[in-house]
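Subject: Handing over the structure

Hello,

Here is the structure I promised to pass on to you. Please have it open while you read, and my notes follow below.

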Amino acid sequence: MERTLQVVLLLVLFCLVLWLMYRAWQKKARRQAEAVGELPPVPAELGAQLLEPTTGLYTGTTLAPSWQNRIAVGDLGFRAAAELTRFERGILLERDGADVLWIPQESITAVRTERGHAGKVMTQDGVLVIRWKLPTGTEVDTGFRGDDKTVYPAWVAAAASTKTGEETT
């Protein structure tokens with residue numbers, strides 16, 4: 001009888017901890033909702049494809065400059081297998097089991113590599129991080145761990161050349 005009571009008590013404690021974690025995530029999402037607002041829609045015309053699609057893991061989106069302050073609004077905070085493609089008008093991130101994420105070119109402020117992002121720590125330059133501004137003006141970092149990390153320099157260079165091209169026109 002005593003052992004059964006201990007098991008039931010442990011199970012109740014475990015369920016309580018899960019419920020409190022869920023409530024904390026919901027509260028965080030409510031606090032962030034105004035700062036995040038509506039995400040940019042995918043335009044009908046994306047422009048020419050600048051880089052080949054690359055597959056990997058979407059690690060999440062965080063509030064910049066913190067690499068661990070994951071956004072809890074919608075499905076932005078959940079990891080997913082994804083495909084990242086660079087177009088003239090922006091970056092398309094297609095995530096399995098989640099909404100497509102469109103990052104407009106004019107919103108991108110930097111593309112760089114990092115050791116970690118959204119609680120995912122890798123080797124040196126293991127995560128491609130895209131810093132961009134939401135329509136609300138909030139700056140965020142979107143992380144992507146590619147299956148082929150040799151494409152990272154092309155992504156960083158494409159962002160740098162696009163930014164240089166905008167400044168000269």
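Which residues touch the most other members of the largest nonpolar core? They are L84 and I130, in a core of 25 residues. A nonpolar core here is a set of buried Ala, Val, Leu, Ile, Met, Phe, Trp, Tyr and Cys residues joined through side-chain atoms within 4.5 Å. Buried means under 20% relative accessible area, exposed means over 50%, and partly exposed lies in between (1.4 Å probe, protein chains only).

Before going further, a word on the source: this is a predicted model, in which local features need pLDDT of at least 70 and side-chain atom pairs count only at pLDDT 80 or more, while totals for chains, interfaces and linings use all residues. Residues are numbered from 1 along each chain as its sequence is written, and side-chain values use heavy atoms, with hydrogens and water left out.

The overall layout

The chain has two helices and nine strands, in the order α-β-β-β-β-β-β-β-β-β-α along the sequence. Helices (H or I, at least four residues) and strands (E, at least two) are DSSP runs, numbered from the N terminus. The C-alpha trace spans about 75 × 35 × 30 Å along its principal axes. Of the 169 residues, 38% count as buried.

At least two core residues each come from β1 (49-63), β2 (80-87), β3 (90-95), β4 (101-104), β5 (108-114), β8 (127-133), β9 (139-146) and α2 (152-168). Helix α2 gives the largest share, four residues. Leaving aside residues up to four places away in sequence, L84 touches E52, P53, T54, I91, L92, L93, L128, I130, F144 and W155; a contact of this kind means heavy atoms within 4.5 Å.

The salt bridges

How many salt bridges does a search of the whole structure find? The search gives four, each being a side-chain nitrogen of Lys or Arg within 4 Å of a carboxyl oxygen of Asp or Glu.

One of them pairs D75 with R95, with the closest N and O atoms 3.0 Å apart. D75 sits in the loop between β1 and β2 and R95 in strand β3, so this pair ties together parts that are 20 residues apart in sequence. Both ends are covered: D75 is buried at 19% relative accessible area, and R95 is buried at 6%. Besides R95, D75 touches Y58, A98 and D99, not counting residues up to four places away in sequence.

D141 takes part in two others that I noted. With R131, the closest N and O atoms are 2.7 Å apart. D141 lies in strand β9 and R131 in strand β8, so the pair ties together parts ten residues apart in sequence. Both D141 and R131 are buried. D141 also meets R112 in a salt bridge (3.2 Å, N to O). R112 is in strand β5, so here the parts tied together are 29 residues apart in sequence. R112 counts as partly exposed, at 23% relative accessibility. Together, R112, E114, R131 and D141 are linked in a network of salt bridges.

A surface patch

Finally, have a look at the nonpolar surface patch that includes L10, F14, V17, L18, W19 and M21. Its members together have about 1,000 Å² of accessible area, computed by the Shrake-Rupley method with a 1.4 Å probe, where for residues only the protein chains shown count as cover. Patches like this are made of residues with over 30% relative accessible area and no salt bridge, with nonpolar side chains (Val, Leu, Ile, Met, Phe, Trp, Tyr) joined within 5 Å and like charges within 9 Å. L18 lies in helix α1 (residues 2-36) and is partly exposed, at 41%.

Best wishes
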